[in-house]
Amino acid sequence: PGSCPAPCVCSEADKTVKCVNGNLTAVPPDLPSYVRSLFITGNRLDRLPAGAFPAQRLPNLCALNLSGNHLQAVEANALAALPALRQLDLSGNPLVSLSSQAFGEGGSPLEELALRGALHNHSVFFSLAAMLQSGAVHNLSRLELADNGLLLLPSGMFTALPSLRQLDLSNNSLVGLRNVSFQGLGQLQSLDLSNNSLSVLRNDTLAQFRGLPALRRISLSHNTWVCDCAIEDLVAWLKESDQVEGKEALTCSYPDKMLGKALLKISRLDLNCSVPTDLPSQIQTSYVFLGIVLALIGAIFLLVLYLNRKGIKKWMHNIRDACRDHMEGYHYRYEINADPRLTNLSSNSDV
C-alpha cells in the first residue's frame, strides 16, 4: 500500500503522487492508497478505459489531473471507482470520445471540471452537453470550457447544474447567447465571456443576468461589439449594472465611425436609431398583419357572395342556358355536315 510506481514521485506526508512526463501509456495499477492528489500529466495515455482506476484502491483520491496526455477517449466507467473525486482536469487533451457514463450510472460527487482546449471535436462537445444535462455531475461548482473554439452553446446545457458558481467560457468564438439558458443557476457568482466574438447581448439574456442574485462578476472584455441600434439595451444595462468588471474599457469594434468608442459613452444620437433595429420581429409582425388583412378580405368576399347568392344563382343559370344553346348550335351543324343529303340541300336551297 505504501509503494510508489517507478516513473512517479510520491509524498505520503502531502498525500500526493506526481507522474509527470514519464511516457506512461496507462494509469499505474500500483498507486499508493493514501493518495489524495494525483498528477498524471505530459504522458502518452491515448485512452482511459473502464476500470482504469481499480475499485476501492484509491478511496481518498479527491483531485485528479490528467492534462496534456494525448487522451482521445474516456470510456464508460473509466472514473466510476473514485468515490471521493472532487476535482478533475482533462485540459489539453485532443478528446474524440467522451462517454456520458464515464462516472458510472450513479453519477459523481465531482465539484470542479476543467476541459480547457479539450473540446475541439464537435461530437465530444455535444457528448459533454448531454452528460451535463443528464445530471451525472449535478454537484459541479466550477466548470472551465475555455480555449475550445466554441461558436454556439446548446440551449439547456447548464440547466442541471444548480450548484454551479464559476463558469469559464473565455477564449472561444461565441457569436451570441440568444438561445442559451442560465435559468436555474441561482448560485452562479462568476461568468467569464471574455475573448469571444460577441457583437451584442439581447434583452432576454440581460434579463437572465438580472435574475441571478449571486452573479457579481461578468467579464465581457475583448469582444467585437457592433455599435448600432441593437446595442442600446446592452449600453443601458451596463450603465445601471455593477455585475460587469472593467466595463469602462469595453469599446466598439464596428462600424468604423464608432471604432474605439467606449460603450458607456454611447448615446442615442451616436447610434442614429431612426430605423427599427429588431428586423426579425418587425418582419414577423408584418406577416401577422398581412395575414389578418387577407383574412378580412376573404371574409368580406364570402359575405358579399352570401348576400348576392340569388343574383349569382340566376347569373349561373343564364350562363348555363347560353352554353347549352351554343352547344346545340354546334351539334346541329355537325349533323348537317355529317349527312351528304342535308349538305347538298343546305347548299342548293334558297330557303
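User: Is M316 buried, exposed or partly exposed?

Analyst: Buried means under 20% relative accessible area, exposed means over 50%, and partly exposed lies in between (1.4 Å probe, protein chains only). M316 has 45% relative accessibility, so M316 counts as partly exposed. This is a predicted model, where local features need pLDDT of at least 70, side-chain atom pairs count only at pLDDT 80 or more, and totals for chains, interfaces and linings use all residues. Residues are numbered from 1 along each chain as its sequence is written, and side-chain values use heavy atoms, with hydrogens and water left out.

User: Where does M316 lie?

Analyst: Helices are DSSP runs of H or I with at least four residues, strands are runs of E with at least two, and both are numbered from the N terminus. M316 lies in helix α6.

User: Which residues form the nonpolar patch on the surface?

Analyst: Take the rule before the case. Patches are made of residues with over 30% relative accessible area and no salt bridge; nonpolar side chains (Val, Leu, Ile, Met, Phe, Trp, Tyr) are joined within 5 Å, like charges within 9 Å. A salt bridge is a side-chain nitrogen of Lys or Arg within 4 Å of a carboxyl oxygen of Asp or Glu. Accessible areas come from the Shrake-Rupley method with a 1.4 Å probe; for residues, only the protein chains shown count as cover. Here the patch consists of F301, L302, L305, I312, W315, M316 and I319. Together they have about 680 Å² of accessible area.

User: Which helices supply the nonpolar patch with at least two residues each?

Analyst: α5 (279–307) and α6 (309–338) do. The largest share, four residues, comes from α6.

User: How many disulfides does a search of the whole structure find?

Analyst: A disulfide is a pair of cysteine sulfur atoms within 2.5 Å. The search finds three. In one of them, the sulfur atoms of C4 and C10 are 1.9 Å apart. The link of C4 and C10 is right-handed, with 80° about the S-S bond. C4 is partly exposed because its relative accessibility is 34%. C10 is partly exposed too, at 23%.

User: Which parts does the disulfide of C8 and C19 tie together?

Analyst: The sulfur atoms of C8 and C19 are 1.9 Å apart. C8 lies in the segment before β1 (9–11) and C19 in strand β2 (residues 16–20), so the pair ties together parts that are eleven residues apart in sequence. The S-S torsion of C8 and C19 is about 105°, so this disulfide is right-handed. C8 and C19 are both buried.

User: What handedness does the link of C227 and C252 have?

Analyst: C227 and C252 have their sulfur atoms 1.9 Å apart. Their link is left-handed, with -95° about the S-S bond. The pair links distant parts of the chain, 25 residues apart: C227 sits in the loop between β14 (225–226) and α3 (232–240), C252 in strand β15 (residues 252–254). C227 is buried, with a relative accessible area of 4%. C252 is buried as well, at 2%.

User: What order do the ten strands of the open sheet have?

Analyst: Strands of a sheet pair through backbone hydrogen bonds, either parallel or antiparallel. Two strands count as paired if DSSP finds at least two bridges between them. The order is β1-β2-β3-β5-β7-β9-β10-β11-β12-β13, with mixed pairing. β1 and β13 (217–219) stand at the edges with a single partner strand each, so one side of each is left without a neighbour in the sheet.

User: In which sense do strands β7 and β9 pair?

Analyst: Strand β7 (residues 87–89) and strand β9 (residues 112–114) pair in the parallel sense, over three bridges. Q87 has E112 in β9 as its bridge partner.
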